[in-house]
Amino acid sequence: MAVTTKTWLGIACGVLAGALWGAVFLAPELVGDFSPLQLAAGRYLVYGAISVVLLLPRWPALRGWVTASHWRTLAGLGLLGNIVYYVAVAAAVQWGGVAVTSLVIGFLPVCITLIGSRDHGAVPLRRLAPSLLLSVVAIACIGWQSFGDTTSTRTSFERIAGLACATIALVSWTIYAIRNARWLARLEHVSSHDWNLLTGVATGALSLLLVPAALWFDPRAHAMAAWLRFAAVSTGVAVFASIVGNGLWNRMSRLLPLTLVGQMILFETLFALLYGFLWESRWPHPAEWVAMVAVSASVVLCVRAHRSP
């Protein structure tokens, strides 16, 4: 059986989501004088505010089925997939760098695919083995290039701290991606866009709790120009990554099996690297070229594995 139009549409949504999410890795570099807590608070306050505005016309149709249990689920998803993940990623980028963070986050496809392979009707792992192997090759190339960089000014402590934060981000987003996909499959009557906006409302409410901590742990004074840049970056990330990117990811999660959903996160890593090269005004090193080719081949093999023999 050939790959269906539904599958190609899901892949397209995954690629676009990865392109938008990859830019998130640059945000901590653009506003490096603000703490990860401040970055998360700014992004998700804007995400929550926009979600409330967009949901107002839809609320009469939604209020009939949204229960306290749904709000608890949305709060959990917002905490894991947004706040914990973004604070950890921002800290990992500032301490360890974009490449190290991309390396660890690059394990997401492997984690999600391994867990998704237990779902009913999932593609057997033996058919996914070549794709997973190429994912590991890509991650290894990025890691080798990153840790072999002798020009970095970061200390060993900073690199270890960055690695630890990236690992926290990996665990939290793996749990989020799996739970979110399963809830979307369960709630067939809810559009992926509405589910994203509801998640945004829950995340925005949680981000209010971050504001006191963000100000307390970073009492430094910032110039007005710095605050304006911070507001612009927070708004841009909230609109393009959270509203549009998350919406595309939710749409993709409904169109693709979980074993293929996992592979789509590779595009976030790929685009994060591309944006990083542009930011650093350089061409990729040989190992990074190999990593990008391996990423592309991994996704192609995973798509082929989901065709019936």
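**Note on helix packing in the model**

1. H5 passes H9 in a left-handed crossing. By class, 18 nonpolar, seven polar and three charged residues make up the contact of H5 with H9. The model is a predicted one.

2. The geometry of this pair is as follows. The axes of H5 (residues 68–96) and H9 (residues 156–186) come within 7 Å and cross at roughly 155 degrees. Angles over 145 degrees count as roughly antiparallel, and H5 and H9 are therefore roughly antiparallel to each other.

3. A second pair is H3 (residues 36–55) with H10 (residues 192–207), whose axes come within 7 Å and cross at roughly 135 degrees. H3 and H10 are therefore oblique to each other. The crossing of H3 past H10 is left-handed.

4. On the H3 side, the residues that meet H10 are Ala41, Tyr44, Leu45, Tyr47, Gly48, Ser51, Val52, Leu54 and Leu55. Their partners in H10 include Asp194, Asn196, Leu197, Leu198 and Thr199. By class, the contact of H3 with H10 has 10 nonpolar, eight polar and one charged residues.

5. Helix H1 covers residues 5–22, which is 18 residues. From its first C-alpha to its last, H1 reaches 26 Å, close to the 26 Å expected at 1.5 Å a residue.

6. The buried residues of H1 are Thr7, Gly10, Ile11, Cys13, Gly14, Ala17, Gly18, Ala19, Trp21 and Gly22. The buried residues of H1 pack against H9, H12 (224–255), H13 (258–264), H14 (266–280) and H15 (286–305).

Terms used. Residues numbered from 1 in each chain as written. Predicted model: local features only at pLDDT ≥ 70, side-chain atom pairs only at ≥ 80, totals over all residues. Heavy atoms only, no water. Axes fitted to C-alpha atoms, helices over the stretch in contact; angles between N-to-C directions. Helix = DSSP H or I, 4+ residues; strand = E, 2+ residues; numbered from the N terminus. Parallel < 35°, antiparallel > 145°, perpendicular 65-115°, else oblique. Left-handed = near helix turned anticlockwise from the far one by under 90°. Nonpolar A, V, L, I, M, F, W, Y, C, P; charged D, E, K, R; others polar. Expected span 1.5 Å × (residues − 1). Buried < 20%, exposed > 50% of the residue type's maximum accessible area, 1.4 Å probe, protein only. Contact = heavy atoms within 4.5 Å.
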